[in-house]
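Dear colleague,

Please find below the structure that I am handing over to you. My findings follow it.

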Amino acid sequence: MEKVFPFINSLKSYTGVKFRQDLAAGLVVGVMLIPQGMAYAMIAGLPPVYGLYTAIFPSILYTFFGSSRHVSVGPVAMDSLILFAGVSTIANVGTEQYIIVVVSLTLVVGAIQLAMGFLRLGFIANFLSKPVILGFTFAAAVIISIKQIKYLLKIDPVSATGVFTEFAFYISNLNAVHGSTLLLALSALLILIAGKKWVPKAPTSLLVVIAGVLLSYIFHFDQIGIDLVGAMPSGFPVFAIPEFNALPIKEILPLAFTLALMGFVEIYSIGQRLQSKHKTEYEIDPNRELIGIGLGNVVGSFFRSFPATAGFSRSAVNEGAGAQTGVAALISVMIVIVTLLFLMPVFHYLPEALLGAIIFVAVLGLIDFRIAQNLWNNDKYDFAMLLSSFLGTLVLGIEWGIGVGILLSLLVLVYKTSTPHMAVLGRVEGTIYFRNLDRFDSAIDDAKVSILRFDARLFFANIGSLKSKIEDLVKRKPAMKKLILDAQSISDVDSSGLDGLEDIVRTLSDREIQFHMVNIIGPVRDKLFKSGLSHKIGLERIHDCIDDAIMDRSDKKKLAYQTNAK
């Protein structure tokens with residue numbers, strides 16, 4: 001039962017103290033969920049109440065089947081934007097058909113995540129590099145922020161077709177700004193930013209919503225031209241089977257896979273970050289994460305939710321407020337349900353500008369310039385990936401931006417595996433140690449002997465790099481009589497690698513240069529013997545250490561005995 005329901009394990013040592021901590025955290029996150037859920041539903045092109053629907057069943061199902069005790073599941077800004085960008089090309093925003101497509105899409109997303117979990121495909125998250133995800137996130141934050149300006153200024157960018165043209169439209173139409181709406185939005189922005197800086201644990205967004213509703217009711221904001229959210233349905237979401245007959249499968253599948261993958265990457269990465277503070281308490285299982293969030297989306301689709309995943313700000317608040325188990329998430333859900341049952345008429349008076357301000361501040365917090373600066377200082381390749389992903393998403397749009405990010409990740413993976421690190425070694429004077437000549441001034445190069453350390457698995461993608469490096473060494477050292485390959489970092493070798501090594505042995509032999517190998521680990525040594533390459537190299541030229549290779553010391557009996565050693 002614990003394998004099926006990880007939640008049970010967290011309750012083994014449950015106490016009253018832990019419940020009080022869960023209660024406090026659940027209440028805080030619950031009041032965060034109400035304005036955030038409404039705001040993120042607006043990003044997705046849905047009525048605000050759908051954000052509250054999305055905060056119920058996905059969170060409940062994940063609590064029982066997921067592996068993290070701290071993530072807060074529900075609507076999130078980035079996935080809402082991806083959803084809007086994809087579905088708005090299929091159905092008109094604001095229509096019943098749009099909602100039908102979104103709900104049906106949610107079921108498909110959940111089914112894909114479930115299938116990935118059962119097939120144990122959680123390792124796929126490793127193929128999206130962090131810089132690419134960050135670049136996409138930064139760009140999505142900029143796009144979402146720009147799209148909120150229409151609520152802050154009460155200007156409808158009817159002629160804008162892209163993020164740049166939309167921003168230019170606002171700049172060229174500042175004379176059309178609605179003064180009262182702008183004043184209300186600026187006040188909300190100041191309060192939200194101040195609250196985030198000075199009292200980060202306070203539910204500032206909820207306080208802004210409450211104040212806005214009261215002021216709107218007292219001063220009749222609708223009569224002075226400030227747009228309100230308007231009437232929203234009360235009550236628990238009604239069970240309904242998604243309508244697949246109206247779903248354009250060919251157009252939906254790429255979007256569904258994108259949302260499924262992004263939702264998984266988000267919940268897994270956030271879960272890992274929070275679990276690192278509680279390493280002795282529980283572990284994050286990527287396949288359990290897929291099953292948990294997949295079930296949440298599948299069941300949620302029957303209650304009119306849109307694709308959910310973990311929100312970083314809510315999850316961080318949940319952990320920071322002292323949450324101990326998934327009970328905190330269940331308490332948050334109860335807050336949302338109470339709101340749906342009894343408090344929805346109050347939100348009729350909520351100004352749209354306040355929801356726009358909440359989104360604006362929340363998504364700008366996703367942009368962290370310190371991360372970009374660290375990448376610039378530490379790894380230019382990673383910074384280039386972040387920048388390319390960022391610009392690709394801004395210029396090409398959300399859907400293509402994700403594709404660019406995945407392509408960049410794969411290209412960098414191919415590049416780094418095909419051009420691994422290699423070091424030319426020299427003996428540190430007066431010692432038995434050998435070090436990288438480029439890093440240690442005390443290491444001495446020998447004109448007749450070259451020692452090359454290859455720091456990667458040797459296979460079809462990088463054997464060419466090894467050949468090129470050896471060819472370069474031969475050209476640079478015409479007096480070379482011996483080349484020693486230090487194989488201590490070669491964890492495996494495939495058939496292409498074996499063929500490449502045989503070519504190297506033959507080429508060096510033609511130039512009267514001896515080829516030696518040292519520090520070979522067991523699995524690689526086994527392949528050398530089984531393929532017959534060890535005999536082509538010569539058993540007397542396979543050694544335990546570099547010194548033996550330099551001095552031509554070998555023990556054929558020992559080598560033969562160790563053929564199957566691991």
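Which side chain meets that of Asp503 in a salt bridge? In this predicted model, the partner is Arg506, at 2.9 Å from N to O. Both residues belong to helix α20 (residues 495-510), where three residues, about one turn of the helix, separate them. Asp503 is partly exposed at 29% relative accessible area, and Arg506 is likewise partly exposed at 43%. The two also take part in a network of salt bridges with Lys467, Glu502 and Lys536.

A search of the whole structure gives 18 salt bridges. One of them joins Lys482 to Asp552, with the closest N and O atoms 3.2 Å apart. Lys482 lies in strand β7 (residues 482-486) and Asp552 in the loop between α23 (546-551) and α24 (556-561), so this pair ties together parts that are 70 residues apart in sequence. Lys482 is buried, at 7% relative accessibility, whereas Asp552 is partly exposed, at 44%.

As to the chain overall, there are 24 helices and nine strands, and 53% of the 566 residues are buried. The chain carries 48 positive and 44 negative side chains, and the centres of these two sets lie 4 Å apart.

Helix α6 (residues 96-118) may also be of interest. Its 23 residues reach 34 Å from the first C-alpha to the last, close to the expected 33 Å. Of these residues, 18 are buried, so α6 is largely enclosed by the rest of the structure. Just after α6, Arg120 adopts a positive phi of about 55 degrees.

With kind regards

Terms used. Residues numbered from 1 in each chain as written. Predicted model: local features only at pLDDT ≥ 70, side-chain atom pairs only at ≥ 80, totals over all residues. Heavy atoms only, no water. Helix = DSSP H or I, 4+ residues; strand = E, 2+ residues; numbered from the N terminus. Expected span 1.5 Å × (residues − 1). Buried < 20%, exposed > 50% of the residue type's maximum accessible area, 1.4 Å probe, protein only. Lys, Arg positive; Asp, Glu negative; His and termini not counted. Charge placed at Lys NZ, Arg CZ, Asp CG, Glu CD. Salt bridge = Lys/Arg side-chain N within 4 Å of Asp/Glu carboxyl O.
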